[in-house]
Amino acid sequence: MAKRVFLIVLDSAGVGYEPDADRFGDVGSDTFGTCIRSGRLSVPNMEKMGLYQIEGTSFEKEGAPETGCCGKLREQSAGKDTTMGHWEIGGVISPKPMPTYPNGFPKELLDEFAEKTGRGVICNEVGSGTEMIRKYGEEQMRTGKWIVYTSADSVFQIAAHEEVIPLEELYEGCRIARKMLTGENAVGRVIARPYVGEAPNFTRTVNRHDFSLEPPKDTILDMLKAAGKDVIGVGKIYDIFAGRGLTKTFPNEGNEKNMDVTISLLDEDFDGLCFVNLVDFDMLYGHRNDIKGYTDALNAFDKRLDEFLPKLREDDLLMITADHGCDPGFPGTDHTREYVPILCCGKKVKSGVNLGTRESYADISATIAELFGIRYTGDGESFLSEIM
């Protein structure tokens, strides 16, 4: 029924808190709602696809989508981070939370890391990367030690100045940490956080790299690849899935360049899935409580759809979703436990369909599998018959 699927994840663009948000301290979070209430949001393409008709949101309006289908998805996995969110989109629900470190990492773990990498460790705190670099950047440059920190997510983050520790050594340090962090310490991601500049104006670079756990079972990426389909990752997809199931990858270079790549792929004759992550919403704006920046980034993405949509072919399907929330107007700087949108359009897609509230992000993968007619062993239920 289709030859190409473009699945675009607006990283952290949730549409309102989930019923179990009280377990996460996230009752009241509403990422898209915050941007709408700022008075700055202008997303006419997503509007036509049914953004304002998503049921049960703070911004729901009467009517039906003009040019596609809309709905929202509930997360079933026991977390609210990027890894679990994408794995569930890929058809793998994670019932057990990954380990977090609200008081920092155990001393013996950091001692082992220092010994294996030949460099000492400073920081070991919980907080935002920009704050950690501001506080410890000068000491890191002076001593050549690693800045190691974490957040509310299951992450082991390593920051270093690019002129003090070369990128490849930073990446190798992350690979060493990744091999160490198994069993009860099996964090979702080890993240390289390089930065440049001089105090107090340090800036993080686009050379961030995530070293994720491998999914515990096959995802839609593995299944499509096994069926002989193309599986193209744009942005952080390679990192999030530990390289599994991809036939081609383009590294993260920020929203604009990632969209440049995605739009260029519309001119290629591939047969399968193009899976795109746009991380700037989360990394640059959500975690920094920047409502204006987040809203402007949504506007910029929607503007790129002016270029994207006219190039869709007869047998293409576009799906737009998110992997969790990160409400820039909510107290704190952590991810938020939210429903995510699902917006679909294409020349063979029905218009005016409201999918309501779906029970899992994994419904996306079940739908893609049915669309391509491949054997599917993942979680979720397909909504293909409702949209095609």
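This is a predicted model: local features need pLDDT of at least 70, side-chain atom pairs count only at pLDDT 80 or more; totals for chains, interfaces and linings use all residues.
In soluble globular proteins, nonpolar side chains tend to be buried together. Here the largest nonpolar core contains 81 residues. The residues with the most contacts inside this core are Leu10, Met46, Phe301, Leu318, Met319 and Ile368. Once neighbours within four places in sequence are left aside, Phe301 is in contact with Ile8, Leu10, Met46, Met259, Leu278, Phe281 and Ile320. Another core lies apart from the largest one and has 22 residues, among them Ile165, Leu181, Val190 and Ala192.

Helices α4 (residues 107-117) and α6 (residues 167-180) form the pair of interest, with axes that come within 10 Å and cross at roughly 135°. The two helices are therefore oblique to each other, and their crossing is right-handed. On the α4 side, the contact is made by Leu109, Glu112, Phe113, Lys116 and Thr117, while α6 contributes Gly173, Ile176, Ala177 and Met180. Sorted by class, this contact has 5 nonpolar, 2 polar and 2 charged residues.

Most residues other than glycine have a negative phi, and most peptide bonds are trans. The peptide bond from Ala199 to Pro200, however, is cis, with omega near 0°; Pro200 sits in the loop between β6 (189-196) and β7 (203-204). Asn124, in strand β3 (residues 121-126), has a positive phi, near 55°. Ala242 likewise has a positive phi, near 50°, and is found in the loop between α8 (237-240) and β10 (248-250). Asn124 counts as partly exposed because its relative accessibility is 22%, and Ala242 counts as partly exposed at 29%.

Key: Residues are numbered from 1 along each chain as its sequence is written. Side-chain values use heavy atoms; hydrogens and water are left out. A nonpolar core is a set of buried Ala, Val, Leu, Ile, Met, Phe, Trp, Tyr and Cys residues joined through side-chain atoms within 4.5 Å. Buried means under 20% relative accessible area, exposed over 50%, partly exposed in between (1.4 Å probe, protein chains only). Contact means heavy atoms within 4.5 Å. Axes are lines fitted to C-alpha atoms, for helices over the stretch in contact, and angles run from 0 to 180 degrees between N-to-C directions. Helices (H or I, at least four residues) and strands (E, at least two) are DSSP runs, numbered from the N terminus. Angles under 35 degrees count as roughly parallel, over 145 as roughly antiparallel, 65 to 115 as roughly perpendicular and the rest as oblique. A crossing is left-handed if the near helix is turned anticlockwise from the far one by less than a right angle, and right-handed if clockwise. Ala, Val, Leu, Ile, Met, Phe, Trp, Tyr, Cys and Pro count as nonpolar, Asp, Glu, Lys and Arg as charged, and the others, Gly among them, as polar.
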